[in-house]
Amino acid sequence: MRTKEELKRISMSLEEYEMVKSLLGREPNDLELGMIAVMWSEHCGYKHSKKTLKLFPTSGPYVLQGPGENAGVIKLDEEVALVMKMESHNHPSAIEPYQGAATGVGGIVRDILAMGARPIALLDSLRFGQLDNPRTRYLFSGVVSGIAGYGNCIGVPTVGGELAFERPYTDNPLVNVMCVGLLKGRLMTGKATGVGNSLILVGASTGRDGIHGATFASVELTDESIERRPAVQAGDPFMEKLLIEAVLEAIEKSDAIIGLQDMGAAGITSSASEMAARGGFGVEIEVTKVPQREKGMTPEEIMISESQERMLFCVKKSREEELRALFEKWGLNFAVIGEVILDRVIRIKEKGKVMGEVPIDILTEDVPAYDLKPEEPKEMKRLQIVEDIPSIENYEDALLRLLASPNCSSSHWVYQQYDHMVETNTVGIGTGASVLRVKGKDYLIGVTTDEEGRYCYLDPYTGGMMVVAEAARNLICTGAEPLAITDGLNFGNPEDPEIAWYFVEAVKGMSEAARRLNIPVISGNVSFYNESEKYTVYPTPIVGMVGKIEKLEYMCSPSFKDEEDIIYTIGEPGNLGGSIFIEELIGEVRGKPKLDIVLEVKLQPILLKAIRMGIIKSAQDVSRGGLAIALAECSIWGNLGVEIDIDTNLPKRELLFGEAQPVIIVSVTPEKEKEIEELFKGMPLRKIGRVNGDSLKIKINGEEIINIEILELEKVWKSGIKRWMK
Amino acid sequence: MNFGIIVFPSSNCERDCFYVIKDVIEQPVRFIWHKERDLKGIDCVILPGGFSYGDYLRSGAIARFSPIMESVKEFAEKGGLVLGICNGFQILTEAGLLPGALGRNNGLKFICKYVSIRIERTDTPFTMEYREGEIVKMPIAHNEGNYYIDDTLSIKDQVVLRYYEENPNGAIDNIAGIVNKKGNVFGLMPHPERCSEEILGSEDGRRIFTSIVRSL
């Protein structure tokens, strides 16, 4: 029998322990319990999320592999597939920002690699507290350095992502990394089959780092968390780069590989048991065969260590040597640590003696799935009302203030630290969705991550829809047809009924928008317990989305292109609910965000068509900071001024800074006016001005309220983050 | 014109260079693993960018002991063309094939962005297709590009590229690329292979490669 304290150490409840006992028919020993505990952690077992995740639409004509594997896969053409996945590394980054973020990159890259694909792009979705807090600056700077240090070295370009600074993320920053890969050969899977076939560990040696990392990620952060620094793994990007090249070479040259998998959370335990589960077999492992970098490790430590840069292969019996030479050429460990067996168990031996044995099902299928007890927060209604929207007199000041907010300003301080060009595929970056070419093909890939915790905090269902709709809109603005989603769901403690409600509502909203826009969710990740004693993070579902631009001529960007082009808005600007404007001026996140999903569904395909027809010269999605910020960005990127003239019944501040969706700013040559008006007939299309001069000039109801030079705007826009990070 | 691209463990621009040579300027090219020694038939050796040996110890410090580097030295002594890009430049200075050293950037951060470069010499096999004094745009991507040498006068005729208007890393005398005295070994921090095609936003780097082809 175990004490409650013993179980607490491995984040297991007494009820769960009883369940383990009844499933096993006896008391587990330490090794067995350690393995079960990591596999039953929220991080590995998805105990509180798996029922809700079934709401996502997961199939579509291009889907080759949906959720359940190391990563999702879609078909680009007869020869090439695209592999994608997002994963969080929040808790490690809160404790040890450099290594936490670095190993987050490493893990997701190996997930892509496990499908047989070459990783071609990374995107990061980052959330921190506000920059006036020195610890936030430390975390922010450390995370960015960690991503740069790892990603730059392995030669995978970091091409996009997004960033926000809001108080609820102060103690618990969010670091979600998405990786995209290209698959040109055989689609690999993480399975182990065939009695007698070998289990081979390749890559780094195993140490005591990251012991119980998965369980550590499955509880709230406290002051004691800092003492769990050993639970944070350390990364070695040099080793990872060797692993990438060796694994790709092995897959290309040898047909002896049956399956492979990243060794991430829960180490050998999870990779071996998941591979066995997928294959319908069992595995036997001799722990002394595992290359170790520390002396005296126990079987339990070896089995649950989360040492980085390791992968597990299942290889046809007696074909090991052809692969050994290849891995050794790259200077990597290549150790046969066990074999596939018929009994559907994971059997652990030390020097031939059986130390533990657990049925595969207990580690995978039998992980408890809890029903959530969602309850709408009582303060919801209060949050959605803004009693006094501050009135402003000087609109220029308001615009400059928003532009200088780290939440709206340029993120060049961040992405200049990332090698975003290596691989020489990066065609467009820094202005909405990023665009990559595929060498040897006419088509290009658009890729984006989007998220708005503020909206979800105020209305998770609408917010969930908005994050999907906005990602799709961003892709379409580049000329890409959206194809698939990978998600990163970041919430607080799901055992709290209000958090549970947020989670379920957000997933419902995301599913609804994904279904209506016909974009399947093919992979994803859930991260709960993102809270400290003081703060719970905003409910933060992140969407990573990829799309396809059929040919280079269809590519579009948001920057204004030529003088005299006519500027239109499509959609109805307005609604200050949940806006940055409200947050900046009253210091609170309030109001109700707004999305017209019916218009969205109607508008997106027409917009894509108009871009492909060459009618539209620039397209920009209006998001954070509203119309005024979006116009400023189009001007800064194009280095061209605009003259805007709008008549409206709305309060000026609402028109300028409201964040209603969908709203898109497009520019067209004067000759195409008729064509665009014809195409968008029946939709709210409004001519608002023209590209002209070198200033942003905005007139509302005949009165000029903004007139600022583009150079001045750019200076302010570029200062937002940089001024804090001297 | 046969190009050979040396692959060190954790080089990461070798495939980008390969693509430009094979598909953009359409010349024969092959990879050479750092443990090989044979450079037979090669007219120009490229040491590509990346993080050879993870930049552990000091960038380029371990790669210079790779077996292939002895062959590269002999090759250079015989007048063969050697082009070191970024980490390749760092390896060439560590190996003593080029003078000076590359230290940490002034801001102590990795920098990846386009910079303006002035072409100082066009009488080298690497730059003959540029005009002297021409200003071009090329991307840099490095942690350690801060070129230093005690006596800049000693290499004043060897400077081929200088940062123009903005010095991104603190390099002495704005030096972005140098040749050896003989003019057959060239190291530069900017990445010409990343700006050799219109689709990538600039073609200013391509003439480095076409100059080499024309020189022979």
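Modeller: Two residues are in contact if their C-beta atoms, placed from the backbone, lie within 7 Å. Please keep in mind that the model is predicted.

Biologist: How many residues does the contact take from chain B and from chain A?

Modeller: Both chains contribute to the contact. It takes 22 residues from chain B and 22 residues from chain A.

Biologist: Which element gives the most to the side of chain B that touches chain A?

Modeller: Helix H1 (14-24), strand S6 (111-119) and strand S7 (135-142) of chain B each supply at least two residues of that side. By class, the side has 13 nonpolar, four polar and five charged residues. With three residues, the element that gives the most is S6(B).

Biologist: Which strands are the edge strands of the open sheet of six strands in chain A?

Modeller: The pairing in this sheet is mixed, and the order is S14-S15-S16-S19-S17-S18. An edge strand here pairs on one side only. The edge strands are therefore strand S14 (426-428) and strand S18 (521-527) of chain A.

Biologist: Which residue of S15(A) stands opposite A:Thr426?

Modeller: Strands of a sheet pair through backbone hydrogen bonds, either parallel or antiparallel. S14(A) and strand S15 (residues 434-437) of chain A run antiparallel and are joined by two bridges. Opposite A:Thr426 stands A:Leu436.

Biologist: What angle does the direction of helix H19 (residues 460-477) of chain A make with that of S19(A)?

Modeller: H19(A) packs on the sheet, where it touches strand S16 (444-450), strand S17 (481-490) and strand S19 (540-549) of chain A. Its direction makes with that of S19(A) an angle of about 25°.

Key: Residues are numbered from 1 along each chain as its sequence is written. Chains are lettered from A and ligands numbered from 1 in the order in which they are written. This is a predicted model: local features need pLDDT of at least 70, side-chain atom pairs count only at pLDDT 80 or more; totals for chains, interfaces and linings use all residues. Helices (H or I, at least four residues) and strands (E, at least two) are DSSP runs, numbered from the N terminus. Ala, Val, Leu, Ile, Met, Phe, Trp, Tyr, Cys and Pro count as nonpolar, Asp, Glu, Lys and Arg as charged, and the others, Gly among them, as polar. Axes are lines fitted to C-alpha atoms, for helices over the stretch in contact, and angles run from 0 to 180 degrees between N-to-C directions.
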